[in-house]
Amino acid sequence: MKILFITLRADHGGGPKHIDLLINNLSSEIEIYLACPQDRPYYDLWNESKKIKDIFILPHRKFSVKKLLGLNKFIKDNDIEIVHSHGKGAGIYSRMLKILNSRLKIVHTLHGVHIGEYGFLKKSAYIFLERFLTLFTDKFINVSNSENSLCLKLRLFKKSKCEIVYNGIKALLKDDNAKIKFNLSGKRVVTTISRFDYAKNMSLAYEIAQNFKDNSNIVFLWLGDGDDRTKFESMAQKDGVNIIFTGFTDEIPAYLSATDIYLSTSRWEGLPYALIEAQSLDIPVVATNVVGNNEVVENDKNGFLFESVQQACRDIENLLNDEKIYGKMQAEALLNFKDKFDIGITVCKVEKIYEQMFENRSTREPQ
């Protein structure tokens, strides 16, 4: 079975991370090909991977007719029959490929319906395009029930065409000396991993941190980067807010090992890897009550879902001040990870979809 993954991102983010996990955990009987840009860090990893037979270079988050035609030739030359695209831009390529080559089976993972910042015309155009492209899609994968419900509400596809497959990971290994390593001994650490963009809503994270600026025992740890990072660093220095900015880092397991609470202020998510990684290390999560977050966190059981800055601050205080509540949520977070988000569960479901596509590959017309 030959599978081509398509992504228009290979930088830091949930989509590339998801593909990397699939590449490294799918059965060795599956022959993997890849079409992606030359972004860091994932392109370098994939280019050296023995699990990938060949890579076709695509531009970062741009559509090119020349590249589409080249990719179609790449597929024919390698006798690829199943294409799995990840994200909006990649989904344009995959469905156009189906138009050029009707024998292909197309699986598309949306990784979130990111239209929250779209105006009316852009939103309408996106919905129209997706409804058209469903004609050339054999199977959609939603990464959460809430994402699936939104897609069905928008009528992006029929229920018979979709499967829900949670993002999965291997449990992170805990570093018991992490607080010492990062000079955080004796501190209570609230961590956020972010791209510092509109969806992650770091202005809200800053407001929450600002409420704790008079408590020197509480440190906010921000892992990630983006256009607004410099602005927030200047604000934190001016306002005396205790935030440590690390930039993008390869030491996420170590930083999470030093974490007491994971904080998410996202406006929306697909299914956030950072929350799942935190739960794999039995870290309680405090998160906005939005699509994606509310699929990982069950309020008042393995974490808290909040609607306001004041509520988020109360939730953080409750966790830090009540050992009984904290211990209970630690246990529930780890149990939730094992039950829902272990990589073995994800891979099993994805491989089953591929097998169905492979068995039905003689179908030559769009479904």
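Two rings of Phe, Tyr or Trp (for Trp, the six-membered ring) pair if their centres lie within 6.5 Å. By this rule, the count comes to 16 aromatic pairs. Keep in mind as you go that this is a predicted model.

**Stop 1: a pair across the chain**

Select Phe196 and Phe232. They form a tilted aromatic pair, with 6.4 Å from centre to centre and 55° between the planes. This pair links distant parts of the chain, 36 residues apart: Phe196 sits in the loop between β8 and α8, while Phe232 belongs to helix α9 (residues 229–239).

**Stop 2: a second tilted pair**

Next, pick Phe212 and Phe220. Their rings are also tilted, at 5.8 Å centre to centre and 45° between the planes. Phe212 counts as buried because its relative accessibility is 5%, under the 20% cut-off. Phe220 is buried as well, with a relative accessible area of 1%.

**Stop 3: strands β8 and β9**

Show strand β9 (residues 218–224) as a cartoon with side chains. Seven of its seven residues are buried, so β9 is largely enclosed by the rest of the structure. Then bring in strand β8 (residues 188–194), which runs parallel to β9 and is joined to it by seven bridges.

**Stop 4: strands β12 and β13**

Move on to strand β13 (residues 303–306), where both faces are covered. On one side you will find Gly303 and Leu305, on the other Phe304 and Phe306, and all of these are buried. Strand β12 (residues 285–288) runs parallel to β13, with four bridges joining them. For a landmark, select Thr288, whose bridge partner in β13 is Phe306.

**Stop 5: the second largest pocket**

Finish with a surface view. Select Val113, Ile115, Gly116, Glu147, Leu150, Leu154, Trp268, Glu269 and Val291, which line the second largest pocket. About 160 Å³ of space lies in this pocket. What is the make-up of its lining? Colour the residues by type and you will get six nonpolar, one polar and two charged.

Key
Residues are numbered from 1 along each chain as its sequence is written. This is a predicted model: local features need pLDDT of at least 70, side-chain atom pairs count only at pLDDT 80 or more; totals for chains, interfaces and linings use all residues. Side-chain values use heavy atoms; hydrogens and water are left out. Buried means under 20% relative accessible area, exposed over 50%, partly exposed in between (1.4 Å probe, protein chains only). Helices (H or I, at least four residues) and strands (E, at least two) are DSSP runs, numbered from the N terminus. Two strands pair if DSSP finds at least two bridges between them. On a 1 Å grid over the protein atoms alone, a cavity is a set of points where a 1.4 Å probe fits but cannot get out, and a pocket is an open set with protein on both sides within 12 Å along at least five of seven lines; lining residues have an atom within 4 Å of a point. Grid points are joined across faces, edges and corners, and a volume is the space filled by probe spheres set on the points. Ala, Val, Leu, Ile, Met, Phe, Trp, Tyr, Cys and Pro count as nonpolar, Asp, Glu, Lys and Arg as charged, and the others, Gly among them, as polar. Rings of Phe, Tyr and Trp (its six-membered ring) pair if their centres lie within 6.5 Å; planes under 30 degrees apart count as stacked, over 60 as edge-to-face and the rest as tilted.
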